[in-house]
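User: I have a model open and want to go through how its parts pack. Can you take me through it?

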Amino acid sequence: MVKLYSGAEIVFKCLEDQKVEHIFGYPGGAVLPIYDELKNHPTIKHILVRHEQGAGHAAEGYARSSGKPGVVLVTSGPGATNVVTALTDAYMDSVPLVCISGQVPTHLIGTDAFQECDTTGITRPCTKHNWLVKDINDLPRIMHEAFDVATSGRPGPVLVDIPKDIQFAKAKYFKPKKEKKLKGKILNKFNQKDIDQLINLMSKALKPVFYTGGGVINSGPKACELLRELVSLTGFPITSTLQGLGAYPGDDNQFLGMLGMHGTYEANNAMHDCDLLINIGARFDDRITGKIDEFSPKSKKVHIDIDPSSINKIIKVDLSIVGDVAEVINSTTKNLKKKNFNLKNSNKQKISNWWQQIQKWRTKKSLNFVNSSTIIKPQHAVQRLYELTKNQDTYITTEVGQHQMWAAQHYKFNKPNRWMTSGGLGTMGYGLPAAVGVQVAHPKKLVVDIAGEASILMTMQEISTAVQYNLPIKIFIMNNQYMGMVRQWQELLHEKNYSESYSEALPDFVKLAEAYGCVGIRAKSPDELDEKIREMISIDRPVIFDCQVDQDENCYPMIPSGKPHNQMLLGPKDQDENKITGKGKALV
Amino acid sequence: MSKSKSAYSTPTKLGKLDTHIIVVWVDNEASVLSRVVGLFSGRGYNIESLAVAEIDHKKSLSRITIVTTGTPQVIEQIVLQLKKLVPVHKVGNFKRDNKNVIFKEMALLKIVANSSKIKKALNACKKYNPVILDQTNKSIVIQITALRKEIDNVTKNLKTRGLVSASRTGAVAMTRGAEIFN
């Protein structure tokens, strides 16, 4: 007779067959059978968080730094609703998550039972797909399909809601089928004609630019290698979105820095003036494009993406190539080489004027700031952190706000999967739990959460998780006592009416660290900064670093308000010449 | 542009709106309709009418017919977004003025009036395949099949002829000739 397994056993058998090693979760009434089963599966380690949102973000950090799907286990009702922010965050940033939630027993569904909520209803808009398991015999199929959906095509979160009686019920178990076809939804639709067209456009271009995004990183380390080869082969300049940082070396000469609202002067001007824009795995986000009507007006546009619905969603393109970034780039470079079509040499002359123009823009040094010898400038803090950590393989997470932009601008990433930030949803409180997840995936590596004091308080409780599992994450708080980005907008757009953006009461972060059982360090002046950062790195325990920075610093450059890419607002020096007009205020 | 202080761009000029009929073949499973309808409401697409029923019991397939309006870009997005949904098998997209596609809606009309008015009412429905489903000496229930606009007109005309209740379906669609949609 075939052996029958309980629903809880089936869940773990699926996780084992999917090669899951870590799950992030929080127990509760409706998932107790699954938690009871945990002890029988020593290859799977459970990380107990302090809040379900933390479990979700930790799984995101785990997934983005390792390339494997993150797995979350939560209970019904509040357990499920607490994880919604993290699911939405993962959905916006294309992070593969599999969330398993408990549900009240089948016969109580719809009766407003204790800790009941319509979990699949609530999470429908923030998952790629979700399932409510009503029949135990469906459980193995659904569990395997969940991993397939989460990791295939454009990755994203999925949720499997399992009522408590199903966790007890018994059924046969099936291993995952190899090569499951998701109704033709696996997409590599491009053909040779597309590649030929792309190469034709590339050979004609006088002012080309690559604009690459998170899709390159999601496609895998191979895609990043191939991208480097393509960029070097063509000699074209390259800029990256926030999520794409690390796909191409940040310190390479062909790299123009990040583009978009707080991107560099050269990257945004190149986007505006180019005659060929090649988008690889990015989605023309509104923080990138600025004013749509005046976005890159003179260029032919190419969009390479695995998600067909990303094409022509915001910006109409001239050539769309639907496929996995790695395969498209691979095919392109192969064809370039086959035709002995070394653009770098043959086109060097052709695009040399373009590079000269770019060099001119570079002389603006748009990331410059006025440093101080008495007060720590936040940009300086990030630069010092970079200089003191660049010699080891460092993973950076961030919260959301000014510090996030400064980190993106001043920390140079040379490898993919080293940069975890909440871009699409912009979730304050993302960085600390994400750092927990990253450290779980990479126990020996240095993991730093570049944070703001307002963001960190949103998920502060997870420091307790880090202490429990000896995860030596470093929480580098750039403390200016303001919600900095809110304050900046209020200064620039709302006549300095700093409505509710100042935190009048903040904890003593050093004492707080000690109370949690980790180490607190405080830096108040620039001359002690290096020494304190070194101290932080040397400690093999979780550290909260309270870096007290200039309260009034604004994040520049920025594309203001109703202006296209070529009308950026640079730092304080430049500003007197370019006041934001009333018309311009809309886009900030 | 007004002096907006929004953190977002102001909307650009809207393109020309077209009416399309979107046909979606889906697995007939729990909550599939809410996924489709939720996609429309979540992304701000418009639904003019909706018809859904199982068409293949063995394969458990349902066919959803949605009438919607939007700019060409929005219609393209609707189709692409629908195709991403896991239970969706295929998506058909037809312009309403496409001559190769038949669109029909059905309506049940109840008229309570004297016999001469009822006669007039029936007469008004003549062109739209009227079927009398129930009749008493004071009332009649007529079934008609027609285009949305035609049904609009009929019901408007019948208001003065004793129409007390109208029940309508959404549009369903079928291609003409021997071709089938793939």
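Analyst: Helix α3 (residues 52–66) of chain A lies across β2 (22–25), β3, β4 and β5 of chain A, at about 165° to β4(A). Angles run from 0 to 180 degrees between N-to-C directions, with axes fitted to C-alpha atoms, for helices over the stretch in contact. Helices (H or I, at least four residues) and strands (E, at least two) are DSSP runs, numbered from the N terminus. This is a predicted model, where local features need pLDDT of at least 70, side-chain atom pairs count only at pLDDT 80 or more, and totals for chains, interfaces and linings use all residues. Residues are numbered from 1 along each chain as its sequence is written, and chains are lettered from A and ligands numbered from 1 in the order written.

User: Which other helix packs on the sheet, touching β5 and β7 of chain A?

Analyst: Helix α5 (residues 84–92) of chain A does, and its direction makes about 145° with that of β7(A). Contact means C-beta atoms, placed from the backbone, within 7 Å.

User: What's the strand order in the open sheet?

Analyst: The order is β3-β2-β4-β5-β7-β6 in chain A, with parallel pairing; two strands pair if DSSP finds at least two bridges between them.

User: Which strands stand at the edges?

Analyst: β3 (45–48) and β6 (129–132) of chain A; each has a single partner strand, so one side of each lacks a neighbour in the sheet.

User: How many bridges join β4 to β5 of chain A?

Analyst: There are 5 between β4 (residues 70–74) and β5 (residues 97–103) of chain A. A:Ser101 is the bridge partner of A:Val74.

User: New topic: what does A:Val72 touch?

Analyst: Its contacts include A:Phe24, A:Ala59, A:Val83 and A:Cys99, leaving out residues up to four places away in sequence.

Terms used:
Contact = placed C-beta atoms within 7 Å.
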